[in-house]
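Biologist: Hi! Could you walk me through this model when you have a minute?
Modeller: Happy to. Let me put it on the screen.

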Amino acid sequence: MALTLYVDTARWRAHQQLVIQQFPGIVPVCKGNGYGFGHERLAEEAARIGADILAVGTTYEAARMKDFFSGDLLVLTPFRRGEEPVPLPDRVIRSVSSVDGVYGLVNARVVIEVMSSMKRHGVAEEDLPKLHAAIENVRLEGFAIHLPLDRTDGLDAVEEVIAWMDRLRAARLPLHTMFVSHLKSDELARLQQQFPQTRFRARIGTRLWLGDHDATQYRGSVLDVTRVAKGDRFGYRQQKAASDGHLVVVAGGTSHGVGLEAPKALHGVMPRAKGVARAGLATVNRNLSPFVWAGKQRWFAEPPHMQVSILFVPGDVAPPQVGDELVAHLRHTTTQFDRLVDR
């Protein structure tokens, strides 16, 4: 009995091919929990599509991925002096976001990130002249720019990249390769047309692996079903059942990421109102689970346990049977499955 990730493999791979066609020279990204699929599986998929380079989040991920992927590995987290040294092969490329960082990576393969409107990290415009001397002692693989997802001020993504290309060109820095993130395919094509001597390579994770939502589905196995009457006590905290119904124990708990949710940016009145309503219900121990039965997401009977969740199904709804599987609406990047099934 398990929390299972089912993958419609043919559909999933068809979507991958569509993205690859839209973004020539794509750099697949595999970081965190491997977008819900795991590092080893995505390394296999990257090799299958013929990727020559795979982007990972950290040096620790690179150390694990080197055994799964034989091509180059690009570490996205920028190098910092004093970081814990991790033994890595020469095919690992380090990202750098400061002039000091470049000086700290003598003889290494590096990609230099510039400061975008994200304002997360990157070399500032005023520091570009200092890069001339710094890059003499490294193997420069190119520059990179990480763009925001939303542009509420109307600033054009292509124009932001062009502005940086002009700055780098004015500083007489090599522009053979530019790694970019969060551009549309037509935007990438515009850049390639304007700068034919530069190879633009899109680093893509979410769109590549999770772009077709219907290609994957999580399901949790029903482990037990127990009838309760109004007022019956149950669970760790011995709460009282609010009405007659059934307690349904389903595979999938906090160790899988069930009940754990990353904060979301809310835009507009309605999403904010729903957020306030959910918060109000949570104060009286009413939390909606990700598990669906009889066409509705069911409420947690109590907070999820480590490996299972207990749901409450009201008495007027026929309960599931032991061995049934309940669809679960879970976020791939925060979920760990027990097993993955290709179909």
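Biologist: What share of the contacts in the chain with a separation of 6 or more comes from residues 24 or more positions apart?
Modeller: Such pairs account for 66% of those contacts. Do keep in mind that this is a predicted model.

Biologist: Noted. How many helices and strands are there in the chain?
Modeller: The chain has nine helices and 18 strands. Its C-alpha atoms fill a box of roughly 75 × 45 × 40 Å along the principal axes.

Biologist: And what percentage of the residues is buried?
Modeller: Of the 343 residues in the chain, 46% are buried.

Biologist: How many bridges join strand 8 to strand 9?
Modeller: Four, between residues 177-181 of strand 8 and residues 199-204 of strand 9. Phe179 stands opposite Arg201 in strand 9.

Biologist: Now Ile112 in strand 6. Why does Ile112 count as buried?
Modeller: Because its relative accessible area is 0%, and buried means under 20%.

Biologist: What does Ile112 touch, leaving out residues up to four places away in sequence?
Modeller: Its contacts are Val96, Val102, Val123, Leu131, Ile135, Leu140, Gly142, Phe143 and Ala144. Ile112 and Val102 are 10 residues apart in sequence, with 8.0 Å from C-alpha to C-alpha.

Biologist: Changing topic: where is His256?
Modeller: His256 is in the loop between strand 13 (245-251) and helix 9 (269-282).

Biologist: Is His256 buried or exposed?
Modeller: Buried, as its relative accessible area is 5%. Beyond residues up to four places away in sequence, His256 touches Leu3, Met306, Gln307, Thr334, Thr335, Gln336 and Asp338.

Biologist: One last thing, the charges. How far apart are the mean positions of the positive and negative ones?
Modeller: They are 4 Å apart, for 42 positive and 38 negative charges in the chain.

Definitions and conventions:
Residues are numbered from 1 along each chain as its sequence is written. This is a predicted model: local features need pLDDT of at least 70, side-chain atom pairs count only at pLDDT 80 or more; totals for chains, interfaces and linings use all residues. Side-chain values use heavy atoms; hydrogens and water are left out. Helices (H or I, at least four residues) and strands (E, at least two) are DSSP runs, numbered from the N terminus. Buried means under 20% relative accessible area, exposed over 50%, partly exposed in between (1.4 Å probe, protein chains only). Contact means heavy atoms within 4.5 Å. Lys and Arg count as positive and Asp and Glu as negative; His and the chain ends are not counted. The place of a charge is taken as NZ of Lys, CZ of Arg, CG of Asp or CD of Glu. Two strands pair if DSSP finds at least two bridges between them.
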